[in-house]
Amino acid sequence: IMSELKNNIAEYALRIGDTSLILGQRLAEWCGHGPILEEDIALTNISLDLIGQARAFLTYAGELEGQGRSEDDLAFLREEREFKNRLLAEQPNGDYAQTMIRQLFLSVYQYYFYSLLMKSNDETFAALAEKSLKEVTYHVRHSSEWTIRFGNGTEESHLRTVEAIETLWRYTGDLFETDKVDSDLLKAGIAVDMNIVRTEWEKKISEVFNSATLTMPQDNFMIGGSTGFAFFISAMKG
């Protein structure tokens, strides 16, 4: 039983780390291409925060799996199908509205996820969540302010934001998908209750959208299953 628990914790750490890693890599693509210098630096800093979080969680995953793999091995030496990130993290940057809506969705998700993970019975998870939460709090503020600015800005900025929401909304269901690993770890007081995260996430996104004169999509079609990095790799190759 102990070895199964250990494997599940390693898998959970990998999933958390991969989402931050892939999102961090996506944001890094903006480095030197930001719309204004201040944003160029802000997005690069957020990217560095996320890659720092990824390093910590991947290091923990590597220690637990006991195969002698480091954070770098896990980040760079796996096949695309082996990545466990949430699908939303790998979606293309698109224009700046799309990057910001993707960031808003993921930052709010991470905020409530880490808030709950801080109470985990796993001391490493609790400590990493506490550190990550401080950074993610800023990410939420940053993406919320830009969403409100775009939503209430010009006709074009509003339209582009609506298009970004329409493009990305279908991936948000995947943020809250769970499987046996999640349920087993939840029973052990280690994992996060994703129903709580979803409820809080919807409340916060609705709040930001209201301030930005944007509406929550009613379309329930969702793309699910965290197959991870495959789309990211094909997009990079394409």
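Guide: Arg78 is buried, because its relative accessible area is 8% and the cut-off for burial is under 20%. This is a predicted model. The partner of Arg78 is Asp18, and the two form a salt bridge with the closest N and O atoms 2.6 Å apart. The pair links distant parts of the chain. Arg78 sits in the loop between α3 (71–76) and α4 (96–117). Asp18 belongs to helix α1, 60 residues apart from Arg78. Asp18 is buried as well, with a relative accessible area of 0%. Side chains of opposite charge can pair when their charged atoms come close.

Next, another pair that involves helix α1. Asp179 forms a salt bridge with Arg15, and here the closest N and O atoms are 2.7 Å apart. Asp179 lies in the loop between α6 (155–168) and α7 (180–187), while Arg15 is in helix α1 (residues 2–28), so the bridge ties together parts that are 164 residues apart in sequence. Arg15 is buried, with a relative accessible area of 19%. That value counts as buried because the limit is under 20%. Asp179 is partly exposed, at 35%.

Glu11, Arg15, Lys84, Asp179 and Asp182 are linked in a network of salt bridges.

Now a pair within one helix. The side chains of Arg160 and Glu156 meet in a salt bridge, 2.9 Å from N to O. Both residues are in helix α6, 4 residues apart, which means about one helical turn separates them. Arg160 counts as partly exposed, at 38% relative accessibility. Glu156 is partly exposed too, at 48%.

For the overall tally, a search of the whole structure finds 15 salt bridges. Among them are Arg78 with Asp18, Asp179 with Arg15, and Arg160 with Glu156.

One backbone detail remains, apart from the charged pairs. Thr213 has a positive phi of about 50°, although this residue is not a glycine. Thr213 is found in the loop between α8 (194–211) and α9 (230–237).

Conventions. Residues are numbered from 1 along each chain as its sequence is written. This is a predicted model: local features need pLDDT of at least 70, side-chain atom pairs count only at pLDDT 80 or more; totals for chains, interfaces and linings use all residues. Side-chain values use heavy atoms; hydrogens and water are left out. A salt bridge is a side-chain nitrogen of Lys or Arg within 4 Å of a carboxyl oxygen of Asp or Glu. Helices (H or I, at least four residues) and strands (E, at least two) are DSSP runs, numbered from the N terminus. Buried means under 20% relative accessible area, exposed over 50%, partly exposed in between (1.4 Å probe, protein chains only).
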